[in-house]
Each structure stands twice: as structure tokens, then as C-alpha cells.
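Dear colleague,

I am handing over the structure below, and would be glad if you could look through it alongside the notes that follow.

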Amino acid sequence: MAKLWKKMKKGKIFEGFRSLKTRIFCIIMAAGIVPCVVLHVGILERYLDNTITTRTNEVQTQVKIIADHLITYNYMLDNSSDVVNAELSQLSNLYDGRVLVVNGNLKIIKDTYGVSEGKTIISEAIIKCLKGDGPSNSLKDAGYIEIIVPIEEKLEEKTHVAGVMLTSVSTDSITNGYEYIQSRAFLLEILAMVVIFGIALLLSRKMLKPFEKITDAINDVKNGFTDEEISVTDYIETEHIGDAFNQMMGRMKVLDNSRQEFVSNVSHELKTPLASMKVLADSLILQEDAPAELYREFMLDIAEEIDRENKIITDLLSLVKMTRTSADMNVETVDINAVLELLLKRLGPIATRAEVKLVFESRRPVSAEIDEMKLTLALSNLVENAIKYNVKGGWVKVILDADHQYFTVEVSDSGVGIPQESIQHIYERFYRVDKSHSKEIGGTGLGLAITRSAILMHRGSINVNSEEGVGTIFTVKIPLTYIAS
Ligand SMILES: Nc1ncnc2c1ncn2[C@@H]1O[C@H](COP(=O)(O)OP(=O)(O)O)[C@@H](O)[C@H]1O
Ligand SMILES: [Mg+2]
């Protein structure tokens, strides 16, 4: 008992019920057992009641007939009539019972057992019957039915109760029959139970087979035995699970491919500056008495390549930080106007060097819940691009606006623009429209990838509009309140 209680506390007893197989098994069992119980109660118990009622009615009818004969043969005054006595003993033999004839003074004038004749009988039911309450009967626990029928004679159109007939009929034959049927029914029920149990066991196993099949198939893929598509078409449900799993595998393959591509891109990008440095160093080594100026010139080139390598690594680290999990978001309520002002102030010198005019237009004060570091990096990249891919004497304009839900930052420039066919690629890692030009001005091709990731982490959106030779407009839209996933 204590063990059971412990199990229940741990929820282990109910654990098995979480299995679909167990549930199907239980449902089939219930579906089989409930009709059995209904049949048992509905038919068997009814049978007993019905038989007793039928027997009672039968005996009552017979007794009534004899009661009439009692009057006809004037039996109440003289109980020596052979005809009536024969009828009485026949009745008592037939139903394995006893018949008493009682007169109006409660005196027993005939007992088929012959033991109580001449005695007085006092019973409520008999008195009631004598008073004219009509026949009555009752089932006694001792195993017999007691039937009381009035002996009525007609005197001047009036019915007068001259006495009663008290008949006790044994119910033994009925209960014996009932017990026999009951034992038979019990056997049948046990048999039915065993069959239902077997069916439930088999069906619950069979019905769950496709689910086991699909689990096995998924496990095979998981353990690397196969990478074929899963298809278990037994049920629509298993087909759906298979489809969903195949789609997931497809997505994983795409992710895996893009990860491999990324790794090979990274290696390539990191190797390029190294290769340049190697060439520069080698040519110095090969020239035995190279002049000091050449050394200096080559060393400057090497330093430049180191800077580039450094920039690529810095950008890669930023990109890794912009993973799309919200866990490492450092969200605070921040004055966006101040953020943009500071950002533009920092980029001022670069703009001046590129001879580009930098304008900031704020339509209203905005404060929002953002990760300041990440959003600053995202917007810096946009403004930096607008300066870098511009023309001498051009301009860059940053406009801040907001409604009740979002704030928008628009970065427009009068620069070279982006060719239509390149627009869909600019957010890809390491993508650059004009590789040589971009490299010349220090691009790694990671800037917009970082920007997009940072904006998505804020659940915002980024859009671009560009025309070659005219300029580009990037529009960033971010919710004012941060929505955690
Ligand atoms: N404002 C802009 N005007 C023109 N071209 C742009 C602009 N912003 C981005 N691009 C193009 O998109 C490419 C990808 O940008 P980005 O990811 O920032 O890489 P990069 O390191 O080259 O700047 C750039 O190489 C450039 O060709
Ligand atoms: Mg850039």
C-alpha cells in the first residue's frame, strides 16, 4: 500500500495512461465491457422479476377459480367436499406450496398440510382482505410468495367476503433456474471479457504500429543510417508527421549548406589579406639589397592588409553577436535622437574626408526600448555605406520620425545607387556589388548582414529603394516597445 502511494505521488501510475496505446486499449475494453454489464443488469435481473410476477399471477388466477368453487360447494360451512379438497391438494402439489382456507372469524377451516386446522390466524394482510381490500401478494425472504385471495359470495347483488384463501408458493424452482442462467451468463461474460481483452491488446498494438514505424524512420535518419525522405502513408496523421519532418530536414540541409558556404567564404576572405602580405614579404626577401624606401612602401602595404584582416575579424565577431536569440539583448529605454546625433558626430570626419554633406532631420523626439549597442552598429553601417558609396560633393540625409507604434529612420544618399539585380543580394554575407571598388574603400560585405540581423532582433524591418546614378534610400522601422519572443 505504501509503495502504491509512493508511486501515485511520483505520478508513475498515471504515466502509463499518457501512452496512446494504453488509452486505445482502455477505450476498447470499456466499449466491450459496458454492454456486458448493461445486458447482465437489464436482462438477467429483469428475468427474475418477470418470472416471479408471472408465477404470482398464474397462482392467483387458479386460487380465484377455486375460491369461487368454495362458495359453489358451500365449503365455508362444510369442508368435506371431495371435489374442492382434490382441487386444493392439486394446487399445493403443483406449486410445491401450502393452501389455508380461513373463514370470516379468522379460523383456519382447511390446511393442505393438515397441521393448523381449527386454529385462529391473525395477520394484518388477512384482516385487510376480509374488510374488502381485494387480493394481495408479497414476496417473502424465506423463499416463498404469499398470495391472499378473498372468497367472495354474492348476496342480493352485494358482494360479501366470506373468508380468505392464503396460499404460500415456493420460489425455489424459479431461483434455481435463475441461478443456473446466472452461472451460464457469468461464464459467457468471462469468455467475452477474455476475447475483448485479446481484441483490445491486438487492436491497440496494430493501430499504433504506423506511429512506431514513423519513430523508427526518424531514428534512422537521426542516427545517420539514411537520409531518404520519410513516408508512412497508413494514416493521414503519420503522413503529416512525415511531411513535416521532411520539410524540417530540407530546412536543415539548406542551413547546413549555407553554414558550409559561410565557413568557406570566411576562410577565403581571411586568406586574401594574408596572401597579399606573403607576396609583399616574399618580394622583399628575394630582392637582396632592396632600398629602404621600398621596404617602407611594402611595409605600409602590409600594415594596410593587417588593418583589413582586423576589420574582417571585427565584423565577423559583430555578426556572430547578432544571432537571432533574444537572450543576449540588452534592452533599455533610450533617447533615439541622442543616439543618432552621437552616431553622426562620430561619422562626421569620414564624411568630411569623402567630401559628403551629412544632414540630420528629426521630426519629433523619440524614445524607445532598444539594445543601444546593436542598433547603433546597425544604423552606423547604413550611414557609413551612404557616405562610402557616394560621389564627391554629394549628400547623406538621416530622417527620424515616429508614430504611436514604431519609429522610422530613413537614410538617403545621392550616391552611386545599387543595380536592380543586386538589391536582393545586398544583405547576404560577403556580398559586394563591385568587389574591387568596395575593397578599395574598405568594405567587407558583412555590414548589411549585421544591420539586418540587428534590426530583426528588434523585430523591426528594413527596406531599400535605389536608382543607379541617383541614390539610395534605406528605411528602418522598429517598434517603440520591445517585444520579447
Ligand atoms: N548606400 C549605398 N549605395 C550604394 N551601394 C550600396 C549602399 N549600401 C550598400 N551598398 C552595396 O551593398 C554592398 C553590401 O554592403 P555592405 O554589406 O555594407 O558591405 P560593404 O562592406 O561592402 O560596405 C556594398 O558592397 C555596396 O555595393
Ligand atoms: Mg558597409
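In these notes a residue is called buried when its relative accessible area is under 20%, exposed when that area is over 50%, and partly exposed in between, with a 1.4 Å probe and protein chains only. Please bear in mind that this is a predicted model, in which local features need pLDDT of at least 70 and side-chain atom pairs count only at pLDDT 80 or more, while totals for chains, interfaces and linings use all residues. Residues are numbered from 1 along each chain as its sequence is written, and side-chain values use heavy atoms, with hydrogens and water left out.

On the cysteines, Cys 26 is partly exposed at 31% relative accessibility, whereas Cys 129 is buried at 1%. With a disulfide taken as a pair of cysteine sulfur atoms within 2.5 Å, the count is zero; for Cys 26 the closest cysteine sulfur, that of Cys 36, is 16 Å away, and therefore too far for a bond.

Turning to the sheet, with strands (E, at least two residues) and helices (H or I, at least four) taken as DSSP runs numbered from the N terminus, and pairing requiring at least two DSSP bridges, five strands form an open sheet of mixed pairing in the order β7-β9-β10-β12-β11. Its edge strands are β7 (357-362) and β11 (461-467), each of which pairs on one side only. Strand β7 runs parallel to β9 (residues 395-402), joined by six bridges, and Glu 361 stands opposite Ile 399 in β9. Helix α9 (residues 336-353) packs on the sheet, touching β7, β9 and β10 (406-413), where contact means heavy atoms within 4.5 Å.

Best regards

Conventions:
Chains are lettered from A and ligands numbered from 1 in the order in which they are written. Axes are lines fitted to C-alpha atoms, for helices over the stretch in contact, and angles run from 0 to 180 degrees between N-to-C directions.
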